[in-house]
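Dear colleague,

I am handing over the structure we spoke about, and my notes follow below it. Please read them alongside the sequence.

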Amino acid sequence: MTGGIGRHSGGETPPRSPDDGHEPRHADGPNNEGPAQSQLPADAPTVRIHRPAPAAGTASPAADSGATPDVDTQATGAPAAEAATVAQPVAGLTSAPAGPPPPQPPTEPPQPPAEPPQPPAEPPQPQAEPPQPPAGPEASQSGPAGRSRRFKVGVGVAAVLAAGAVVYAVDYAMSADRVPRGVTVAGVDVGGKTRSEAETVLRAQIGPRAQQPVQVQAGDVQAQLVPEAAGLGVDWPATLDRAGNQPRSPLTRFTSLFSHREVGVSATRDDAKLAAAVNELRAQTDRGPLEGAVVFEGANPVGVPPRDGQTLDGPGAEAALADGWADRDGVRVPVQVTRVSVTQDAVDSALRDVAAPAVAADLVVTGRDGKSAVLGRDQVGAVLTFAPDDRGGLTPRYNVDAAAGLLGPQLASTEVQPKDASFSLAGGTPTVVPAVAGEAIDWHKTLDPLPTLLTGQAPRTTAAIYQPKPPALTTEAAQKLGIREVIGEFTSGGFEYASGVNIRLAAKEIDGALVKPGDTFSLNGYTGPRGSAQGYVESGIINNGRPDKAVGGGISQLATTLYNAAYFAGMEDAGHTEHSYYISRYPAAREATVFEGAIDLQFKNASPTGVLIETIGTGSDVTVRLWGTRTVDVQSITGDRSKYTSPNTVTLPKGPGCVASGGAQGFTTSDTRVITDHASGKEISRHTRTVKYDPVPIVKCE
């Protein structure tokens, strides 16, 4: 049997190695254990045979058919025709799998070639190592068919790229002056339009939004704002500039077919109008923090949910409105939040565990003589309140004084009120009227278990606890005040009837007043309100420098009388005001006026003994005496009158508001008070007070 190219001498395909499909070795490789093959001369030409590896146990098609396989000849330095000629006589080349094949015993000895090999036209170049033919699918791609397929793929790719380039160029050329695809402005699609077309669309769709209210979300509060009224508009060219130019990147142009890019409007703004509009929003958006609490509506406790406070961030709100006023979804503006400390759980707990049980039943306090006081369920809210603690909770607070104010009057008849020691002048000299000790309910002790009482089961009852109550001025303390003689006295008269009513009423109020050592007496403070409800009537006053009438008028006569009595008793002047113009029935520069809530008369008892005020009012005059212990003597020196001024004339319509006056001159004068020690006669002090009186205007009623 003759040998064939790439086959064993027996004419069978060698078995495949375990690494099936790998590149075969030459038959004369180092691992070939078969009989020796024909040896080629050292200068034999190199031949590379390309064919697919046969399956194991299957004969090569070339061997079976006797056909010459496709050979990629690369004979160094020889033309292709010569290489084909040389290929025929090559002996001893076999297709061997990669790796050492298992040894095959030869079935018959190798046969010499039928014809001796023809020498090549040119000597071939030796090859250091026999080439390895490719195996598997790669072998099929390395031949002419593979090169053909690669060429076709390359041509296809080039065609696609060329077509894409043409499409890109045409697309770019046709859209160069248009807004990039996918661009939206405040939700309005303007992609692919010319700038002129885009501006027309935007003016039509976004322009009217400037006159429509925009929803403004500030924290958890919604409000509205009209952009145009807030000084906001659209800069159309700048808005289109935001869209940018046509992109050069093919990828960007391709993806723009399936995506959108929102650029928003470029706004014009009037800063003054915008700031004013934002400030107007504060009435709706701003609020203080509201701590969680529990309040009472009658007998029903109600939980107040906690709520954070918030304040509009003015500059931030202006910027947000300028950027987003055209958006259909409205604008969210920034706020500064003030957190609260009380949690909703704390509110629920206080409501459930404290407030609700507190109003479950009335609270009853039993007193003497079978009497009792009731704190009704609807009054609990005046006693029980809640305050935040430092842990997010609510702490109950019980106002005992408020409870006593509600319960006390109901048991007042069971108490004995103390009576201070006083003085009687019935015999012409002061005598001490002894004090009386009292017995009253100690409400703080009585209501000490109030928290437990308000959560206990009905009936909720506790007994009042009575305690002795001493008088503020005991008999012994009154006797030590040294009230034994008149130390200052003054009488004034000449008032009209209505003034006399008011003077006597106020004089009765201060009769018996006691001024302890170091205390200050206030005429307004002691009498309290002097209105119609207290029995005062309308009488003459000075209003805006001219005569007028008002309820309580004429009290200045009592003030002047009291001032002079205190003046001569050596009391310390703690504040007084002269009339604006001189009244002839008063001593010049030594008189005083009062006006409820505005002008007061006060003096301080700086002596070591007490002072008792006695008043005596008649139909024509009023007298004030100060009783105590004389320690000083007082002298008054009246200065000369000077710097006279003439009155002006005022004409008013006839009626109740016009009080006619003949007028009088104004002038300046003074009074000097000299105080000396009663025992030694030594001068203690000398003080001069200068007073300027305005002229009394001439008032005509016409």
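**The contact of α8 with α9**

In this predicted model, L274, A275, V278, L281 and R282 of helix α8 meet G314, A317, E318 and L321 of helix α9, where contact means heavy atoms within 4.5 Å. The residues of this contact divide into six nonpolar, one polar and two charged (Ala, Val, Leu, Ile, Met, Phe, Trp, Tyr, Cys and Pro count as nonpolar, Asp, Glu, Lys and Arg as charged, and the others, Gly among them, as polar). Helix α8 spans residues 271-285 and helix α9 residues 314-324, and the two pack at an angle of about 115 degrees with their axes 10 Å apart (axes are lines fitted to C-alpha atoms, for helices over the stretch in contact, and angles run from 0 to 180 degrees between N-to-C directions). The two helices are therefore roughly perpendicular to each other, a term that covers 65 to 115 degrees.

**The aromatic rings**

The structure holds eight aromatic pairs, counted where the ring centres of Phe, Tyr and Trp (its six-membered ring) lie within 6.5 Å, with planes under 30 degrees apart called stacked, over 60 edge-to-face and the rest tilted. In one of them, the rings of Y582 and F667 have centres 5.5 Å apart and planes at 65 degrees, so that the pair is edge-to-face. Y582 lies in the loop between β29 (572-575) and β30 (602-604), whereas F667 lies in strand β36 (residues 666-677), so the pair ties together parts that are 85 residues apart in sequence.

F667 also pairs with Y693, with ring centres 5.4 Å apart and planes at 50 degrees, so this pair is tilted. It links distant parts of the chain, since Y693 belongs to strand β37 (residues 683-693), 26 residues from F667. F667, at 4% relative accessibility, counts as buried, and Y693 is likewise buried, with a relative accessible area of 1% (buried means under 20% relative accessible area, with a 1.4 Å probe and protein chains only). Y582, Y644, F667 and Y693 form one aromatic cluster.

**The chain as a whole**

The chain has 17 helices and 38 strands, which are DSSP runs numbered from the N terminus (helices H or I, at least four residues; strands E, at least two). Of its 702 residues, 37% count as buried, and among contacts between residues at least 6 apart in sequence, 72% join residues at least 24 apart.

**How to read the values**

Residues are numbered from 1 along each chain as its sequence is written, and side-chain values use heavy atoms, with hydrogens and water left out. Local features need pLDDT of at least 70 and side-chain atom pairs count only at pLDDT 80 or more, while totals for chains, interfaces and linings use all residues.

Conventions
Angles under 35 degrees count as roughly parallel, over 145 as roughly antiparallel, 65 to 115 as roughly perpendicular and the rest as oblique. Buried means under 20% relative accessible area, exposed over 50%, partly exposed in between (1.4 Å probe, protein chains only).
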